[in-house]
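Please look over the sequence and the model below before reading on. The briefing is arranged by topic, so that each group of points can be checked against the coordinates in turn.

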Amino acid sequence: MAIFVKDKVLELPRHRDSKEPSHFRPKNGFGGFKGLKYTKKDLFRKRNVLTGILGFVSLYTLFVLLFRENYGTFNVSGLNPMSLEDQEYYDYDFKGLDPNTIKKFDEGVSHYIISKGGMEALSPEDKELYEQEVEMLIASTTDVYDLSEYSGHKDGAPQRDHVLLCVPLRDAAPMLPLLFKNLMNLTYPHELIDIAFLVSDCTDAGHTMNSLIEFSKELQNGTLSKTLEAFESEQDKKNSADKLYLKYMKKEYLDMVKTAFSPPFHNMYDKPFRSIQIFEKDFGQQIGQGFSDRHAVKVQGVRRKLMGRARNWLTANALKPYHSWVYWRDVDVELCPGSVIEDLMKFDYDVMVPNVWRPLPTFLGGEQAYDLNSWMESNEALKLAKTLDEDDVIVEGYAEYPTWRVHLGYLRNENGNPNELLDLDGVGGVSILARAHLFRKGIHFPAFTFENHAETEAFGKMAKKMGFRVGGLPHYTLWHIYEPSDDDLREIAKLERENKRD
C-alpha cells in the first residue's frame, strides 16, 4: 500500500497470484475491487470486476511506461508472484469502503420496511445488506482503540506489533537505492511496518521527491530489487570520480558491503510493506548538505533544533493509535543487520540505539566511531552546562565542549558481545527504536534548548527524566556511509598525483 499525501493518491496491494479477476482482497466483505457481497446483486459484482481488470491494466501500463522512461526495457515476466493475504494489510485505515454507499447516508436516505403485523421487518437478504451498510457507515466515521493493547511487546513480531518507520530526507536522491535495499532487507514482517518519509528543504529541483515516489511504487509492486539490479549494473559500467576514494578503503569493508547486498536474500525481501506515506514540508533549513557544512560546530545548535521540528512534525502526522513502536532511521546508513528492529526490541527498553561507526580510507586508520550523540552523563558536563547560557546547545565531539562523557561509540569491541547493554542519557538519531506510547505521553525531539541539548540527545534526556529506560548496545554496529571531508579530498588528490608520478 502506498499513500502519497501530496497528490492524495491511494494505492492498495494487489493479490498477484489469484486466478480470480480480483486483485484486492479487503478485510471486510464490502468495498474494494471484489465488490459488495450483496445477495443477487450481479450488477454490482460485474461492475467491480470490470473496474478491477481496467485498474490492473492501467497500473501495469503506467509501470511499464515509467520503467522504460527511467531504466529502459526490462523483462518482468520472470518475476515471482507474491500473495498478500496477511490480515494486517487490510486492517485499520484500509477497511473496505464504498463511496457511493456512504454518500447516500449523507444525502439523508432512510429506508423502513413494515411487516403485515405492523412490525418493522427485514428479509434475511435485506438485513445482511443493512448490517453491512451500518458497519461501513460506522467505520467511515468512528474508530475505537484501547491504547493499552499497543504498548509495545519485546517480542513484537509474534505479538503482531505494528511499527512506524520514519525516515527524514533532504537532497537524498543519490542515496535512495542504498536506503531501499536496506529497507527490503528488514526481516521484521513487512506487513507490520508502515513507512513515513518526510522530504524537506530540498534544493535538487524535485529529484528527491520524484525518485522517492518511483522507488516507493516499485517497492510496493514487488519489483524494486530487479529494477535496482538493472540500474546499478548500468551505473557500474560508468567511471566516476566520485568513487575514487574506494581505492583507499579497507578491502575487508568493501567485501562486507558486497556480501550484504548480494543474494541469497531472506524470503520476504521483495514483500511490500503495509503502507508508505510521503510527506513534503519545508522547515527553513539553510545549512548545506556537505560533510563540512553539516558538521561545523557553529551551526550545530540551529541545525539540530530545525531537525527536531521536522521529526516532531512527522511523528504528529504519521503516528496512528495502533502503532506500538516507532523506528527512526537515517537515509545514509550503508550497512545494517536486517534484524535490527527485532534486535533492538528484544531488550524491552523504551528507547534503544545501536552503535554507529563509519569506514575511513586506510590513510586515516580504516574506521572510526561516527555517532557521538549516544552517551552517559558526566559530572563535568553538568558543571559545564551551568556555565552556559540557557539557550546554548552542547555539542559532543567538539573541543569547545569538553564534557568527558562516556560515549557509546568509543566502547565498541569488534569481537564484543552484541547483546551487552548499557543505560544511556543522550541518544543519536541514526537509528532509534522507541515505544510509541512515549510520544503519546508528550516526549518529543525538543526544537528548543532542553537542559542545554536539542533534538535526539534532548529526546533521550527527556525520556530518562520521565522515568523511561534508555539504552544502547556498544558492540552491535551499524555502518554509516563514508563522506569525504574537504581535507580528505585534498589528501586523496595528493596521493593520486604521487601515484601518477611513480
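What follows is a short briefing on cores, a helix pair, single residues and backbone geometry.

The model is a predicted one, and local features are reported here where pLDDT is at least 70. Its largest nonpolar core has 59 residues, and another core, of 32 residues, lies apart from it. Helix α13 is mostly covered, with nine of its eleven residues buried.

**Nonpolar cores**

- Within the largest nonpolar core, which has 59 residues, the ones with the most contacts inside the core are L169, F180 and F197.
- Helix α4 (residues 176-184) supplies the largest share of this core, namely six residues.
- Leaving aside residues up to four places away in sequence, L169 touches L176, L179, F197, L198, V199, S200, T208, L212 and V331.
- The other core, which lies apart from this one, has 32 residues and includes C166, A318, L438 and V470.
- As a general background, nonpolar side chains tend to be buried together in soluble globular proteins.

**Helix α13 and its contact with α9**

- The axes of α9 (residues 300-318) and α13 (residues 455-465) come within 8 Å and cross at roughly 65°, which makes α9 roughly perpendicular to α13.
- On the α9 side the contact is formed by R304, M307, G308 and R311, which meet E455, T456 and E457 in α13.
- By class, the residues of this contact of α9 with α13 divide into one nonpolar, two polar and four charged.
- The buried residues of α13 are E455, T456, E457, A458, F459, G460, K461, M462 and A463, and what covers them includes α9, β8, β10 (375-376), β13 (431-435), α12 (436-440) and β14 (470-480).
- Just after α13, G467 takes a positive phi of about 90°.

**H323 in strand β6**

- H323 is found in strand β6 (residues 323-329), and because its relative accessible area is 1%, under the 20% cut-off, H323 counts as buried.
- A polar atom of the H323 side chain lies 2.9 Å from the backbone nitrogen of K320.
- Not counting residues up to four places away in sequence, H323 touches Y150, H162, V163, L164, D194, A318, A436 and R440; of these, A318 is also among the residues of the 32-residue core.

**L364 in a loop**

- L364 is found in the loop between β8 (351-359) and β9 (367-369), where its relative accessibility of 39% makes it count as partly exposed.
- Although L364 and Y248 are 116 residues apart in sequence, their C-alpha atoms are 9.5 Å apart in space.

**Backbone geometry**

- Most residues other than glycine have a negative phi, and most peptide bonds are trans.
- The peptide bond from P263 to P264 is cis, with omega near 10°, and P264 is found in the loop between α7 (251-260) and β5 (275-280).
- A205, in the loop between β4 (193-199) and α5 (207-221), has a positive phi near 55° although it is not a glycine, and with a relative accessible area of 75% A205 is exposed.
- E455 likewise has a positive phi near 55° in a residue other than glycine, but E455 has its place in helix α13 and, at 5% relative accessibility, counts as buried.

Notes. Residues numbered from 1 in each chain as written. Predicted model: local features only at pLDDT ≥ 70, side-chain atom pairs only at ≥ 80, totals over all residues. Heavy atoms only, no water. Helix = DSSP H or I, 4+ residues; strand = E, 2+ residues; numbered from the N terminus. Buried < 20%, exposed > 50% of the residue type's maximum accessible area, 1.4 Å probe, protein only. Polar contact = N/O pair within 3.5 Å; in protein donor to acceptor, adjacent residues only side chain to side chain. Contact = heavy atoms within 4.5 Å. Core = buried A, V, L, I, M, F, W, Y, C linked by side-chain atoms within 4.5 Å. Axes fitted to C-alpha atoms, helices over the stretch in contact; angles between N-to-C directions. Parallel < 35°, antiparallel > 145°, perpendicular 65-115°, else oblique. Nonpolar A, V, L, I, M, F, W, Y, C, P; charged D, E, K, R; others polar.
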